[in-house]
Amino acid sequence: MMIAACLVGVAYSEDATGYAGSYVRASMDTLDCIHLVFATGGWASSYYGRYDGNEWGSAVTLPGSLPCFVPYTVPIVEVGPSLMARAAYGTETGAYPNDLAYFTLAEATCAGGTSWSIEDIGNDGYRRSDYGLAVDEANQAHLVYLVTNWSWPYWWRIVYRRPDGAEVVIRHTQSATHHVMTPGIAVRDGLVHIVWREGGPALSTVNLFCAEGPPGGPFPVQQLTTFGAGLYVSEAPDVAVAPDGHAEVTYLLMDATSSPSRYAGVYSITPGGPTTRIDTLSVEATGASGPKITFDLAGNRYVAWALEAPGESYYAVNSDTAVVLPGAGSMDVCAGASAYYVRATMSGIVYGEITAGGAMPTAAITSIEPSPMRRGIDPSLKLLGTTFDNDEGGSAVAAWEWISDIDGVLGAEEDLTLPALALSPGTHVITFRCQDDEGVWSSPDSGGVTVFADTVPPPPVMVLGIEPGLDDTLVVSWNHVMDNLGIDCYRVYRGAMAWFDLDVPIHSVSAAEPAVYVDPDGLTAGSGSAFYEVVPVDVDGNATGGNARVGGVRFPPDLPPSHLR
């Protein structure tokens with residue numbers, strides 16, 4: 001997929017303003033104007049700015065925003081159809097974490113960005129932080145935030161605040177070790193989508209949860225991931241609703257089972273639907289921002305995130321390989337008819353336009369046969385798909401991709417026939433997607449197939465020979481055998497008597513090598529004996545018994561090695 005990113009420039013520079021951002025969030029209105037808020041690192045003010053398509057207006061300090069602690073009470077911004085910007089941002093009354101905190105909800109028209117009406121939310125003795133903001137089609141603000149009680153008995157709550165100001169508890173946990181964290185929210189067509197992280201103790205396992213319902217409730221809770229110990233959702237997840245009404249949640253997965261730990265990838269998951277890997281990330285890294293997700297009017301998905309080490313920012317369109325931007329810093333994307341990324345860097349806030357092509361094509365899996373597939377019995381697996389380009393003018397589908405979650409990329413054709421050995425034994429999630437001639441990838445369709453390992457062992461080795469070699473070695477040779485699936489190797493066993501037990505092989509010979517083994521131990525000076533058996537093993541690990549054995553004996557001690565039988 002061809003993704004073009006034309007760097008437009010620097011929105012707000014360190015040299016010009018003295019407040020280069022370390023955290024930035026952006027939103028786009030229906031006129032394709034960019035609204036952003038940003039905050040500097042540590043205890044500092046938050047700022048609002050607007051881009052009208054030609055130039056950036058002066059940055060305005062959000063009232064009451066001093067001080068602001070990144071990242072727990074950072075500013076966020078959303079814009080509704082009336083072109084009124086809304087910002088939510090935090091204020092602190094002490095040192096984190098044993099303090100009280102509340103945040104303000106402020107509104108301003110896009111024309112000036114200087115006249116803000118302010119509402120303090122929840123200044124009631126409990127800490128409110130880690131919040132999300134959404135604006136619906138009726139220009140009403142919806143908020144979600146984390147409420148914590150830092151004194152005994154400890155508890156954590158995900159709270160949704162309706163447009164009428166009523167608070168609804170979505171999730172409550174009374175524990176000092178099990179945490180609920182970092183909620184996000186999206187609203188469309190009268191349906192509220194809320195997502196958050198949850199786990200513990202000490203973040204040993206953190207999974208993804210969501211709740212969906214109308215503003216009046218109910219909000220049934222659904223667990224979206226089931227990671228085991230050492231794998232956890234890192235950083236705040238984000239949620240967005242596509243033009244067709246389906247919601248997607250994006251998250252960053254940390255793999256702490258490796259040493260050192262690594263970020264294993266950025267994923268998007270549809271509640272009740274498939275999980276899609278956004279990028280090819282699998283790097284040792286520390287410090288992350290995001291990921292953030294949004295959709296443009298054509299339904300293209302945009303995701304952005306950043307890693308402090310290796311010091312890079314990323315964005316991806318639909319499911320294509322991520323575009324890497326050098327230099328870390330928080331990252332966000334906003335989209336309407338067009339799409340932009342915004343980045344908080346050491347030199348200021350920079351932004352760039354992302355061109356993703358036209359509307360997304362569609363791809364569907366027609367059949368996966370046979371299902372299940374038995375290696376060694378079924379000769380092949382057939383994957384059949386259908387695709388359609390949704391652009392006006394009848395442009396064509398140009399590329400296809402089949403992927404197994406176990407074996408990776410399987411092929412690049414609409415219909416694919418794979419030999420039995422192409423898929424490893426196990427239960428595979430198969431995804432299929434296509435790309436149109438404008439470079440736009442479809443959302444993936446998914447299916448499944450279970451591949452059973454072969455259980456039929458190969459035939460035995462019946463022709464086995466032994467002869468003396470150089471320097472008192474013994475040369476063992478045998479005939480290659482045929483197997484229904486294929487031979488992987490031959491294991492060579494040795495014993496002192498003809499009836500020895502097979503224990504640990506002294507050597508393994510690949511099926512691609514000559515069927516011969518030179519035993520360096522051979523028959524050394526003095527009397528002795530050596531007996532051999534060669535066991536064939538197929539590619540699924542089936543080993544054969546009943547193989548021929550051959551041996552050699554030397555006596556008395558002064559006879560040469562040629563006295564073998």
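Predicted model: local features only at pLDDT ≥ 70, side-chain atom pairs only at ≥ 80, totals over all residues.
**Aromatic rings and the charges over them**

Now for the ring pairs. A pair of aromatic rings is described by how far apart the centres are and by the angle of the planes. Under the pairing rule, the structure has 14 aromatic pairs. One of them joins Tyr251 and Tyr267, whose ring centres are 5.6 Å apart and whose planes meet at 15 degrees, so the pair is stacked. Tyr251 belongs to strand 21 (residues 247-255) and Tyr267 to strand 22 (residues 262-269), so this pair ties together parts that are 16 residues apart in sequence. Tyr251 is buried, at 3% relative accessibility, and Tyr267 is buried as well, at 15%. Trp305 and Tyr314 also pair up: with ring centres 5.2 Å apart and planes at 10 degrees, they count as stacked because the angle falls under the 30 degrees cut-off.

Aromatic residues also turn up as a group. Tyr51, Trp56, Tyr340 and Tyr351 make up one aromatic cluster.

Finally, there are arginines to look at alongside the rings. Arg157 has its charged end over the ring of Trp155, at 3.8 Å from the ring centre. Likewise, the charged end of Arg549 sits over the ring of Phe500, here 4.1 Å from the centre.

Key: Residues numbered from 1 in each chain as written. Heavy atoms only, no water. Phe/Tyr/Trp six-rings, centres within 6.5 Å; stacked < 30°, edge-to-face > 60°. Helix = DSSP H or I, 4+ residues; strand = E, 2+ residues; numbered from the N terminus. Buried < 20%, exposed > 50% of the residue type's maximum accessible area, 1.4 Å probe, protein only. Lys NZ or Arg CZ within 6 Å of the ring centre and 35° of its normal.
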